[in-house]
Amino acid sequence: MNIKKIENICAAALIVAFFLPWISMGFMSLSGYNIATLGGAATLMFVMPLLAITVLANDSMNFLDADKSKYLTYATAGIPIIYIIGRLIDLGGDFFSAASIGIYLTLIASIAMILGALGKIKLPE
């Protein structure tokens, strides 16, 4: 596995961010994991770290060709972005008062992962 690929670094960051606080309201905070265990549609949030693990496993074992690997990376980065934009639309200005480090790290890692997959950003050799 090439840890020096931006996609792999971002996938690892997505996994870590899933367990960090996403919502913090003073006395209470919820991580991505806590939100996913609430049930209902929130259970779909387990897809985010599972896809990130798949990106890391694919780089290690090469079970997908280059094109499918790119699509996997786009899906891994796109799903959190779509989720965060949906929460932003639902909560409006309250989103930023409730958001915590985990959701910001997820957003940054997702954007960096898409840019890395598109070849816009690369790590120096």
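Me: Leaving aside its neighbours within four places in sequence, which residues is Ser110 in contact with?

Reply: Ser110 is in contact with Leu14, Ala77, Pro80 and Ile81, once neighbours within four places in sequence are set aside. The model is a predicted one. Ser110 itself belongs to helix α6.

Me: Is Ser110 buried or exposed?

Reply: The cut-off for buried is under 20% relative accessible area. Ser110 has 0% relative accessibility, so it counts as buried.

Me: Next, the nonpolar cores. Which residues touch the most other members of the largest one?

Reply: The largest nonpolar core has 15 residues, and those touching the most other members are Cys10, Ala11, Leu14, Ala52, Ala109 and Met113. Two or more residues of this core come from each of α1 (6-18), α3 (47-61), α4 (66-91) and α6 (101-118). The most is given by α1, with six residues.

Me: What does Met113 touch, not counting residues up to four places away in sequence?

Reply: With that exclusion, Met113 touches Glu7, Cys10, Ala11, Leu14, Thr73, Thr76 and Ala77. There is also a second, separate core, which has 11 residues; among them are Trp22, Ile35, Ala36 and Ala42.

Me: Where is Asn8, and is it buried or exposed?

Reply: Asn8 sits in helix α1. Its relative accessible area is 1%, so Asn8 is buried. Asn8 and Val55 are 47 residues apart along the chain, and their C-alpha atoms are separated by 7.1 Å.

Me: How many salt bridges does the count come to?

Reply: The rule asks for a side-chain nitrogen of Lys or Arg within 4 Å of a carboxyl oxygen of Asp or Glu. By this rule the structure has two salt bridges. In one of them Lys5 pairs with Asp59, and the closest N and O atoms are 3.2 Å apart.

Me: Which parts does the pair of Lys5 and Asp59 tie together?

Reply: Lys5 lies in the segment before α1 whereas Asp59 is in helix α3, so the pair ties together parts that are 54 residues apart in sequence. As for accessibility, Lys5 is partly exposed at a relative accessible area of 32%, while Asp59 is buried at 16%.

Me: Which residue does Asp90 form a salt bridge with?

Reply: The partner of Asp90 is Arg87, with 2.9 Å between the closest N and O atoms. Both belong to helix α4, and because they are three residues apart there, about one helical turn separates Asp90 and Arg87. Asp90 counts as exposed, at 54% relative accessibility. Arg87 is partly exposed, its relative accessible area being 32%.

Me: Which residues is Leu88 in contact with, leaving aside its neighbours within four places in sequence?

Reply: On that basis Leu88 is in contact with Phe95 and Phe96. Leu88 is in helix α4, and it is partly exposed, with a relative accessible area of 31%. From Leu88 to Met48 the C-alpha separation is 18 Å, for two residues 40 apart along the chain.

Me: Now the cavities. How many of 30 Å³ or more does the structure hold?

Reply: The structure holds one cavity of 30 Å³ or more. About 40 Å³ of space lies in the largest cavity.

Me: Which residues line the largest cavity?

Reply: The lining of the largest cavity consists of Leu14, Phe18, Trp22, Met48, Pro49 and Thr106. At least two of the lining residues are supplied by α1, and at least two by α3. By type, the lining has five nonpolar residues, one polar and no charged. Two of the names have come up already: Leu14 is in the group with the most core contacts, and Trp22 is in the second core.

Me: Last, the backbone. What is the phi of Asn62?

Reply: Most residues other than glycine have a negative phi. Asn62 is not a glycine, yet its phi is positive, at about 50°. Asn62 lies in the loop between α3 and α4. With 58% relative accessibility, Asn62 counts as exposed.

How values were computed. Residues numbered from 1 in each chain as written. Predicted model: local features only at pLDDT ≥ 70, side-chain atom pairs only at ≥ 80, totals over all residues. Heavy atoms only, no water. Core = buried A, V, L, I, M, F, W, Y, C linked by side-chain atoms within 4.5 Å. Buried < 20%, exposed > 50% of the residue type's maximum accessible area, 1.4 Å probe, protein only. Helix = DSSP H or I, 4+ residues; strand = E, 2+ residues; numbered from the N terminus. Contact = heavy atoms within 4.5 Å. 1 Å grid on protein atoms, 1.4 Å probe; cavity = no way out; pocket = protein on both sides within 12 Å on 5 of 7 lines; lining within 4 Å. Points joined across faces, edges and corners; volume = space filled by probe spheres on them. Nonpolar A, V, L, I, M, F, W, Y, C, P; charged D, E, K, R; others polar.
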